[in-house]
Amino acid sequence: MRTTIDAAGRVVIPKQLRRAASLEPGQEIEIIERDGRIEIEPVAPPMTLAERDGFLAAELPEDAAEATLTADQVRDLLERTRR
């Protein structure tokens, strides 16, 4: 898909791509330049692990915007915690 950069440097991410990446209005994203390419990634919500009834549960802070955690985000948190 093609798009343009406006005079203020803004780029519109086409709706189809926003849906595919589960990007929502107001959501933080990380923009990275790597090997001459620009990559955009959603910023994962801040999470902690808490024990509930003998099991570990991923929790978002109470003041965090309502978000749905993906299985990949929970796996990443577990990996970071194990290190």
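**Figure 1. Asp6 and its salt bridge with Arg10.** Asp6 has a relative accessible area of 31%, so Asp6 is partly exposed. The side chain of Asp6 meets that of Arg10 in a salt bridge, at 2.8 Å from N to O. The term salt bridge means a side-chain nitrogen of Lys or Arg within 4 Å of a carboxyl oxygen of Asp or Glu. Arg10 counts as exposed because its relative accessibility is 55%. This is a predicted model, where local features need pLDDT of at least 70, side-chain atom pairs count only at pLDDT 80 or more, and totals for chains, interfaces and linings use all residues. Residues are numbered from 1 along each chain as its sequence is written, and side-chain values use heavy atoms, with hydrogens and water left out.

**Figure 2. The salt bridge between Arg34 and Glu39**. Here the N to O distance is 3.3 Å. Arg34 has a relative accessible area of 41%, so Arg34 is partly exposed. Glu39 is at 24% relative accessibility, and therefore counts as partly exposed.

**Figure 3. The salt bridge between Arg52 and Glu59**. The two side chains meet at 2.6 Å, N to O. Arg52 is partly exposed because its relative accessible area is 48%. Glu59 has a relative accessible area of 26%, so Glu59 is partly exposed. By the salt-bridge rule, the count comes to three.

Definitions and conventions. Buried means under 20% relative accessible area, exposed over 50%, partly exposed in between (1.4 Å probe, protein chains only).
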